[in-house]
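Please read the following briefing alongside the sequence and the coordinates. It begins with a single residue and then widens to the sheet, the domains and the ligand surroundings.

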Amino acid sequence: MGMFCYQCEQTANGSGCAAHGVCGKAPEVANLQDRLLEEIKRIAKNVPQSKEVSHFITESLFSTVTNVDFDPERFKGLLAKAMSIGKGSCDQATEALIKKRKEKFGDDVAGLQELLMYGIKGMAAYIHHARVLGKEDQSVYNFLRDCLSFLADGPEDINELLKYNIKCGEVNLRVMELLDSANTGVYGHPVPTKVRITPIRGKAILVSGHDLKDLYDLLKQTEGKGINVYTHGEMLPAHGYPELKNFKHLAGNYGGAWQDQQKEFAVFPGSILMTTNCIQRPSENYKNSLFTSGLVGWPGVCHIDNSNFAPVIEAALSADGFNQDGPEKYINVGFGHNAVLSIADKVIEAVKSGAVKHFYLIGGCDGARSGRNYYTEFAEKVPKDSIILTLACGKYRFNKLDFGTVAGLPRLLDIGQCNDAYSAIQIAVALSKAFNTDVNGLPLSLILSWYEQKAVVILLTLLSLGIKNIRLGPTLPAFITPALLKTLVEKFAIKPITTADEDLAAILG
Ligand code: SF4
Ligand code: SF4
């Protein structure tokens with residue numbers, strides 16, 4: 001069976017996965033995902049608006065994001081539901097639909113169509129996380145439907161496609177704002193917090209992914225059971241939220257970013273819960289200790305429904321746990337917009353006095369490619385009179401290094417998860433007001449790494465805000481053709497990364 005997918009940065013040969021996904025996605029799953037997306041386009045065009053349909057569309061989009069769901073049975077279920085909502089009949093023989101669109105429309109048009117589809121997939125992930133915590137906005141659902149209906153008609157006008165993509169970025173700012181208010185409304189505004197990064201003797205559960213509610217529910221259910229709960233990957237920022245850090249058994253952070261999970265999970269002496277992406281093929285030596293929740297899934301891995309984490313707890317209690325304490329080591333998290341803006345006077349004074357000369361936002365999604373060492377090297381090389389803001393799992397490349405302080409401020413400020421790009425934007429906007437300029441006029445450089453579709457939609461948001469000179473790597477998306485890149489460079493001065501030395505020299509001019 002053939003397939004075609006080029007939605008993420010690790011796509012085969014930098015051009016497209018055609019035999020099997022580099023991520024582990026089987027052709028059967030890739031084609032089920034393509035067919036599901038065709039069905040939801042039809043639903044968006046033909047089925048009257050309702051909350052149930054909006055939720056279904058959102059979940060379908062999120063399920064097809066890279067490293068979320070690899071289980072063909074769950075996609076068959078989603079497809080069956082799509083057929084019943086849309087009263088459609090699906091062409092079972094459809095294969096490699098994106099390739100067919102490339103042949104029909106050409107690479108530029110197909111690339112822009114896919115850019116929009118990936119943008120709304122990333123947005124759907126954030127919509128879902130906000131909804132789980134009770135925040136929704138009908139105008140956002142309307143936009144998803146509008147985009148899907150637009151794509152269903154096979155749009156070919158490049159300007160119209162560009163307009164939709166930028167609008168997608170604009171609407172995503174609203175979605176990230178919703179998620180920010182959901183997270184902070186339920187768990188409080190993150191506060192600067194010291195997080196232990198070495199284990200403590202005793203039974204253990206590791207929680208990875210982005211879903212704070214799953215972590216909260218698990219913490220509640222493990223209270224008084226003698227189990228320490230550790231965060232992994234994008235769950236690290238959870239330690240900064242008051243309502244989560246109140247749990248004394250939220251013991252620390254273990255391991256690094258998602259791409260290290262096979263090595264790290266294999267030696268974790270407890271059970272492991274993946275709440276969202278990015279999941280990798282589990283090896284046999286930890287498959288039985290691994291659990292999934294929410295939209296994430298892997299065939300043969302126990303999936304937790306309805307937030308009842310009893311099986312995860314049982315597995316942790318029957319595992320060995322850590323037999324001794326590791327040496328005490330800590331890092332700092334919790335520098336969301338509320339925390340940073342509460343010391344805005346100090347930051348502004350440090351810039352005015354010349355003690356702080358530049359800000360670098362270094363972060364984004366991370367992946368396994370060796371070229372990603374650029375980000376570590378870049379962070380290490382920025383001058384000592386500058387502050388590094390970071391977010392998303394790209395920070396694991398340097399967040400355990402000691403950057404010290406400047407003008408009494410920590411030089412490394414961890415803003416949070418990828419969706420906390422919203423916080424970074426709020427900080428930049430507040431600074432630009434204080435200095436009577438726009439964001440492009442600030443001594444601020446954005447050095448971003450991308451991997452999957454959430455990074456795509458965040459990039460669209462930054463472009464929709466008119467932010468220029470973003471440095472993007474480690475490689476450019478396969479769906480961005482040379483002609484599209486030329487347009488992005490002309491309009492937004494996007495720059496592919498080169499080397500840390502060259503890029504720093506260009507920035508400091
Ligand atoms: S998600 Fe990425 S690695 Fe997986 S099949 Fe698609 S392009 Fe390939
Ligand atoms: S930030 Fe992106 S790459 Fe990192 S774990 Fe989340 S979805 Fe995956």
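**Ser-445 and its setting**

Leaving aside neighbours within four places in sequence, Ser-445 is in contact with His-358, Tyr-360 and Ile-507, where contact means that the C-beta atoms of two residues, placed from the backbone, lie within 7 Å. The model is a predicted one, in which local features need pLDDT of at least 70 and side-chain atom pairs count only at pLDDT 80 or more, while totals for chains, interfaces and linings use all residues. Residues are numbered from 1 along each chain as its sequence is written, and chains are lettered from A and ligands numbered from 1 in the order in which they are written.

**Position of Ser-445**
- Ser-445 belongs to strand S14, with helices (H or I, at least four residues) and strands (E, at least two) taken as DSSP runs and numbered from the N terminus.
- Ser-445 counts as buried because 21 other C-beta atoms lie within 10 Å; the cut-offs are 20 or more other C-beta atoms within 10 Å for buried, 12 or fewer for exposed, and partly exposed in between, with C-beta atoms placed from the backbone.
- Although Ser-445 and His-358 are 87 residues apart in sequence, their C-alpha atoms are 8.0 Å apart in space.

**The sheet**
- Six strands, in the order S13-S10-S9-S14-S15-S16, form an open sheet with parallel pairing, two strands being paired if DSSP finds at least two bridges between them.
- The edges are strand S13 (412-416) and strand S16 (495-496), each of which pairs on one side only.
- Strands S9 and S10 are parallel and pair over 4 bridges; His-358 has Ser-386 in S10 as its bridge partner, and 5 of the 6 residues of S10 are buried.
- Strand S15 (residues 471-473) runs parallel to S16 and is joined to it by 2 bridges, with Lys-495 in S16 as the bridge partner of Arg-471.
- Helix H15 (residues 373-381) packs on the sheet, where it touches strand S9 (358-364), strand S10 (386-391), strand S14 (444-449) and S15, and its direction makes about 160° with that of S9; axes are lines fitted to C-alpha atoms, for helices over the stretch in contact, and angles run from 0 to 180 degrees between N-to-C directions.

**Domains**
- The chain is assigned domain 1 (12-168), domain 2 (193-318) and domain 3 (334-508), with bounds that come from an automatic or database domain assignment.
- The C-alpha centres of domain 1 and domain 2 are 29 Å apart, and their contact takes 16 residues from domain 1 and 14 residues from domain 2.
- On the side of domain 1 that touches domain 2, helix H2 (51-63), helix H3 (72-86) and helix H5 (107-132) each give two or more residues, and H2 supplies the largest share, 3 residues.

**Ligand surroundings**
- Ligand 1 has around it residues including Cys-5, Cys-8, Cys-17 and Cys-23, a residue being near a molecule if its C-beta atom, placed from the backbone, lies within 6 Å of it.
- The shell around ligand 1 has 6 nonpolar, 5 polar and 1 charged residues; Ala, Val, Leu, Ile, Met, Phe, Trp, Tyr, Cys and Pro count as nonpolar, Asp, Glu, Lys and Arg as charged, and the others, Gly among them, as polar.
- Ligand 2 is surrounded by 14 residues, the closest being Cys-278, Cys-365, Ala-392, Cys-393 and Cys-418, and this shell divides into 7 nonpolar, 3 polar and 4 charged residues.
- Domain 2 and domain 3 each contribute at least three residues to the shell around ligand 2.
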